[in-house]
Amino acid sequence: MPNVIVIGTQWGDEGKGKVVDALTHHVEAVVRFQGGNNAGHTLVVNGEKLVLHLLPSGALHPGCVCVIGNGVVVDPRILLEELGALVGRGRTLSTEELVISPHAHVIMPYHLALDRLREAALGEHRIGTTCRGIGPCYEDKVARRGITVAHLLDPDALTARLGAVLHWKNREIVEWYGGEAFDLDALRSSYLALGERLAPYVRDATAVLYRVQRRGGSILFEGAQGTFLDIDHGTYPHVTSSNTVAGAACAGSGVGPTSIQEVVGIAKAYTTRVGSGVFPSEIEGPLADTLQIRGAELGATTGRPRRCGWFDAALVRHAARLNGITRIALTKLDVLSGLEQIPICAGYEGIDDDDFPTSLSDAVPRYENIGGWSGDITACRTLDALPGPCRAYIDRIQELIGVPIELISVGPDREATIRAGDLFAPGG
Ligand code: IMP
């Protein structure tokens, strides 16, 4: 199997966890390379639901090396909680199975406080962040005042870093927002203690990935969020604070671009978005509620209801170019069963299909109506088993985005999947 990046083509929550899980059987390592516990990858195994926020989805597969790359922001308390929850299910990750880059930045309690206080202060102009401290942590990374995992393992370094930064953080928290100050000694000792618990897993992640490749193993790079939440290419300012596009996999893990052979884009059969921001194909009214209920469209991290809309082919076509997508996995197709007509946004009025609008706020969708289908499709395992109009819907999407659809998810269970291409060959 080649080295493959899996990326969301919309605004996150495309169902990446299930596709990553399907591919994990064939790889030796799964790497998270950006984001933090703002992500929530839901896996359903034997009917049981498991949501991972920080651990790579490979965590369920014994022997798979799970790497938290340098591009990730790590909340150590959440990571340890997740490891503990897995132990509760009888799965203990060894120090061979989990590797944390020493260069990953740490989400500190003042990042969480600032995320919440700033969002509250923004009122109706808020971003709608997950309030997990992601933005404030990346901000400190770029400003070169962050705390890395390596600093948690070095008492002198942590003391020096916190001493330099906490005074300013407290000033902002207390004087600007009326929040509560953090105590340096308390933070220092609690984060050194967390560092001690993480220490066994911390080592040069780039060397681990190099060795996997040298012995012929393959790597899966697991993207979080989605293309249009990318800090550069997304619907700024309603975006996350990292690069979510495929290109970030290299910088966020320390693997060169020539090592990547495939980029799989995950696209939901309709569109959803959590938080604020433009959404051209958003549905208003009862149909949106129907999709939200049928698709259980509640944020895996925050539990917030997701806004729902029709499939936006212009968006996914653009995502295909931004990420260099080689194959598409189409998810949650079963949710659309029972609709009389299904509109697809084929493009935007007045915009050439090779272009993309500078701002989506003025984009007016150009809809095409495809006839719907009735009946349950969750038991279908081949394209031929799908109702004709359902196949027509898939074919039209494929034509509009210009990339082959090679995996189709027709239900939450691992088995509820139609595999159409060699990368997803049955038996995985
Ligand atoms: P942040 O990443 O918490 O700063 O949130 C910034 C924006 O990204 C908000 O609109 C969030 O709802 C959105 N966001 C962050 N992570 C995810 C995700 O995993 N899925 C969907 N939306 C997300």
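Predicted model: local features only at pLDDT ≥ 70, side-chain atom pairs only at ≥ 80, totals over all residues.
## Two domains

Let's begin with the overall layout. The protein chain is divided into two parts: domain 2 covers 105–200, while domain 1 is made up of 4–91 together with 205–419. Between the C-alpha centres of domain 1 and domain 2 there is a distance of 29 Å.

## Where the domains meet

Now to the contact between them. On one side, 26 residues of domain 1 take part, and they are in contact with 21 residues of domain 2. Domain 1 and domain 2 bury about 1,900 Å² between them, and carbon and sulfur atoms account for 61% of that area. In domain 1, the residues that lose the most area to domain 2 are V73, P76 and L80, which together make up 29% of what that side buries.

As for charges, the count between domain 1 and domain 2 is 0 salt bridges.

## A look at the domain 1 side

Which elements supply at least two residues each to the side of domain 1 that touches domain 2? They are β6 (73–74) and α2 (76–88). Of the elements on this side, α2 gives the most, with 4 residues. Sorted by class, the side of domain 1 that touches domain 2 has 15 polar, 8 nonpolar and 3 charged residues.

## A cis peptide bond

Next, a detail of the backbone. The peptide bond from Y236 to P237 is cis, and its omega is near 5 degrees. If you want to find P237 in the structure, look in the loop between β9 (219–222) and α9 (248–251).

## Two residues with positive phi

D13 is not a glycine, yet its phi is positive, at about 60 degrees. You will find D13 in the loop that runs between β1 (4–8) and α1 (16–24). Is D13 buried or partly exposed? D13 counts as partly exposed because its relative accessibility is 22%, and the buried class is kept for values under 20%.

R144 is not a glycine either, and has a positive phi of about 65 degrees. The loop between α4 (134–142) and α5 (149–152) is where R144 sits. With a relative accessible area of 71%, R144 is exposed, as the cut-off for that class is over 50%.

Notes: Residues numbered from 1 in each chain as written. Heavy atoms only, no water. Domains from an automatic or database assignment. Contact = heavy atoms within 4.5 Å. Buried area = accessible area lost by both parts, 1.4 Å probe. Salt bridge = Lys/Arg side-chain N within 4 Å of Asp/Glu carboxyl O. Nonpolar A, V, L, I, M, F, W, Y, C, P; charged D, E, K, R; others polar. Buried < 20%, exposed > 50% of the residue type's maximum accessible area, 1.4 Å probe, protein only.
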